[in-house]
Amino acid sequence: MTETAAEPTAALRARAEIDLGALRANVRALRARAKSAAVMAVVKSDAYGHGAVPCARAALAAGATWLGTATAEEALALRAAGLPGRLLCWLWVPGGPWREAVEADIDVSLSGLWALREVTAAARAAGRPARVQLKADTGLGRNGCRPGADWAELVGEALRAEAEGLVRITGLWSHFACADEPGHPSIAAQLTRFREMVAYAEERGVRPEVRHIANSPATLTLPETHFDLVRTGIAMYGISPSPELGTPADFGLRPVMTLSASLALVKQAPGGHGVSYGHHYVTPGETTLGLVPVGYADGIPRHASGTGPVLVGGKWRTVAGRVAMDQFVVDLGGDEPPVGTEAVLFGPGDRGEPTAEDWAQACGTIAYEIVTRIGTRVPRVHVNEREAG
């Protein structure tokens, strides 16, 4: 066996480089799309895998005026890191840290009476009113309060709590099911239902600071849905919410994350040699194999076995055989790059590297999942933290 080696370097096993300059530019592009509506930077799930605190700071610096998280723990962590301004958290279960959220001036989303009752109890204990937003289920069938009697009851009880000084109703909101599918009939139906549910609440005395339903795809393509605030998640990270809507470049966006690793081994292999578990790949002839030291424990989809694209030495290679827990192999076709050579799994595509969308297509999933699942063993390296000049 022969293998090649490079001079010793300080290269990391793997790294996810996060371009905060690109993120700021994306936020500005989304602000331009939103026109008079404010922009919420959604930083749930560690900012879709990009690092919540630095991404939140960059988004606020670029003009976002709200932050959004799914869980209370995510929201409280942002406050603990000193992030200011308006912050909405929308995924609650009974017994959650309501009082901590009230005391941290976090807007909490309510979809049912049980949540309203828990947050009013927390407000009494904290000695200050809770900021609450009422979420309407306009057709997604997920979180949110159903129209009709349920909505009437929630609005009525929230107004009574507001009259007692226990809550301040700061928002009315909902979420689209199919905004990433242009022309889907549910879009118009949900928008009509949202307007009706907002009108009902306002007729009874609700005076919200913000009304919002637009997610990333609606922000990009449905200006009639913008209302007072748009919630930009995946688009902020430079990924199109749907290939059918257009590429990131079509919307003036740039992917923020570049995922790379250093080749851990380069070796010759004869023809007919099985590669990785199950020998689902067998070398077609004498070749060289490169070992990429990341695997499904790092968030590389096992579904990418035999399909995932990787740029090595300026050429696209494909995952050879199965992705293992900590590593996978690429067939280098006889090339012998030095050990330590960079293998780029995905990035903006400027250097000919694959994109997160390419990986999504290879795995039969969406680019959201590709970036969000990158695990904690892969360090995030944030670059361009300050504006140039």
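The protein carries 38 positive and 42 negative side chains, and the centres of the two sets are 5 Å apart; Lys and Arg count as positive, Asp and Glu as negative, with His and the chain ends not counted. Each charge is placed at NZ of Lys, CZ of Arg, CG of Asp or CD of Glu. The model is predicted, so local features need pLDDT of at least 70 and side-chain atom pairs pLDDT 80 or more, while totals for chains, interfaces and linings use all residues. Residues are numbered from 1 along each chain as its sequence is written, and side-chain values use heavy atoms, without hydrogens and water.

**Overall architecture**
- The protein contains 11 helices and 19 strands, taken as DSSP runs (H or I, at least four residues; E, at least two).
- Along the principal axes, its C-alpha atoms fill a box of roughly 80 × 45 × 40 Å.
- Of contacts (heavy atoms within 4.5 Å) between residues at least 6 apart in sequence, 67% join residues at least 24 apart.

**Surface and burial**
- Of the 389 residues, 52% are buried, meaning under 20% relative accessible area with a 1.4 Å probe, protein chains only.
- Carbon and sulfur atoms account for 52% of the accessible surface of about 16300 Å², computed by the Shrake-Rupley method.

**Annotated domain**
- An unreviewed UniProt entry lists residues 256-383 as "domain: Alanine racemase C-terminal"; such annotations may be inferred rather than shown by experiment.
- Residues 256-383 are 11% helix and 34% strand, with end C-alpha atoms 10 Å apart.

**Cysteines**
- The whole structure has zero disulfides, a disulfide being a pair of cysteine sulfur atoms within 2.5 Å.
- The sulfur of Cys89 lies 18 Å from the closest cysteine sulfur, in Cys145, which is too far for a bond.
- Cys89 is buried at 1% relative accessible area, and Cys178 is buried at 13%.

How values were computed. Buried means under 20% relative accessible area, exposed over 50%, partly exposed in between (1.4 Å probe, protein chains only). Accessible areas come from the Shrake-Rupley method with a 1.4 Å probe; for residues, only the protein chains shown count as cover.
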